[in-house]
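Thanks for making time this morning.

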Amino acid sequence: MTQQPAAATPLTTQERPGEELTVRLQDVEVAARMLDGVIVRTPLEHSRALGRMTGATVHLKCENLQRAGSFKVRGAYVRMARLTQAQKDRGVVAASAGNHAQGVALAAKKLGIGATIYMPRGVALPKLAATRDHGAEVVLHGSNVDEALAEAERFAAETGAVFIHPFNNEDVVAGQGTIGLEILDQQPDVDTVITSIGGGGLLAGTAVAIKQEAARRGQKVRVIGVQAANAAAYPPSLAADAVVPLKGVRTIADGIAVGRPGQIPFDIIRELVDDVVTVSEDSIAQALIFLMERSKMVVEPAGAVSVAALLEGKLKELGIDARSVVAVLSGGNIDPMLMLKVIQRGLSAADRFLTVKLMLKDRAGELATISKIISDADANVTGVDHSRIGGALSMGDVSITINMETKGTEHSHQVLDDLRHQGYEPIVMN
């Protein structure tokens, strides 16, 4: 059972973090009242496995279980509920490849507002279907979100529909910040909160709520943001003290693949957030598998980056001796086809899936010999590709690529050593 914090001491103006910012604690509190009965108060799940790894008590804030599958409905609803009746009558428009689309569509349905959502061609079918199921009109346009976004803005200018930005808006930031209030209520002794960053709305809102409410209670809570290393616009922007857009982003964490931070969340993050760290693609994939295996949670890659940071030991790198940590799982909308790819990558990164290529003599029994070596090493073959044709092949040779399941790094090395001991030269293809 968590210990209640001591009674708060009155604060001076200088001790109230972020009081001069455009989004403040009272805005988040108003947003929380607006969302009462609209959203799900998502659970905080204890992770013993992460606790053993970090030496802290670790809880997971499960926004993957939120309505529409992510935190996005919080900000979208608050933004749209504040529209005038005339604006509501004109409808809203948004652009997204997934979570924001579903959040806007659900909020529009609850508020009785017509919604048009632009999504890029090739968007994952589950996300497309879910957005339509919430009643929004979906228009497929362009090959990426930027092209869909430009068309959505053109539609807004032409029709008068209100454009709902995914993160660069004060009401959206305040809505996302309600997660922070819930965390403090559910885990009063928390000292470190970790969450993902794309455009910055979630981190900014959470930081406002956590920092200002904790200060009011006489506590100090660290807030740490996490980006995919291949889509990390915030570190260079913070270093330059100005928004610095990236030339391109490429990550499996499509929910945070944003090349340009929003100015509104950037100003808040610059002021309130303690640290921003990055994690690798392999770590994201491993975190997704970890959450499935150890916490029974289906989480999208963007939602798993907070756990990836813990698995990479980022708290230790930052010199943080945390006692009570909350990692936000920001969403669970993952395309099954992407899940298959991410699982395979995660297993490979953890040395639990091994692909090797071997050159063999084209004679009877060679494949059986290879199979026996692998079987004797207690590895499981899942696929074999056999080819007699190729520029590097001599007459009488064959190329074999073998996929196999292993039990980790030590076991993979054992399999490779056994093959080499028998005179083969396996080339690792992972």
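Predicted model: local features only at pLDDT ≥ 70, side-chain atom pairs only at ≥ 80, totals over all residues.

Residues are numbered from 1 along each chain as its sequence is written, and side-chain values use heavy atoms, with hydrogens and water left out.

Let me begin with strand S10, residues 324-329; helices (H or I, at least four residues) and strands (E, at least two) are DSSP runs, numbered from the N terminus. Six of its six residues are buried, where buried means under 20% relative accessible area, exposed over 50% and partly exposed in between, with a 1.4 Å probe and protein chains only. In a regular strand the side chains alternate between the two faces of the sheet. In S10 both faces are covered, with Ser-324, Val-326 and Val-328 buried on one side and Val-325, Ala-327 and Leu-329 buried on the other.

Which strands pair with S10? Pairing requires that DSSP finds at least two bridges between two strands. Strand S2 (residues 57-62) pairs with S10 in the parallel sense over six bridges, and Lys-61 stands opposite Val-328. Strand S7 (residues 192-196) also runs parallel to S10, joined by three bridges, with Val-193 opposite Val-326.

Val-193 comes up again with Thr-206, which touches Gln-176, Gly-177, Ile-179, Gly-180 and Val-193, residues up to four places away in sequence not being counted; contact here means heavy atoms within 4.5 Å. Thr-206 lies in helix H9, residues 201-217, and is buried, with a relative accessible area of 0%.

Now to the helix pair: the axes of H12 (residues 281-294) and H13 (residues 301-311) come within 7 Å and cross at roughly 95 degrees. Axes are lines fitted to C-alpha atoms, for helices over the stretch in contact, and angles run from 0 to 180 degrees between N-to-C directions. H12 and H13 are therefore roughly perpendicular to each other, a label given to angles of 65 to 115 degrees, with under 35 roughly parallel, over 145 roughly antiparallel and the rest oblique.

Finally, Val-138 in strand S5 (residues 137-140) counts as buried at 12% relative accessibility. Its C-alpha atom is separated by 4.9 Å from that of Ile-117, 21 residues apart along the chain.
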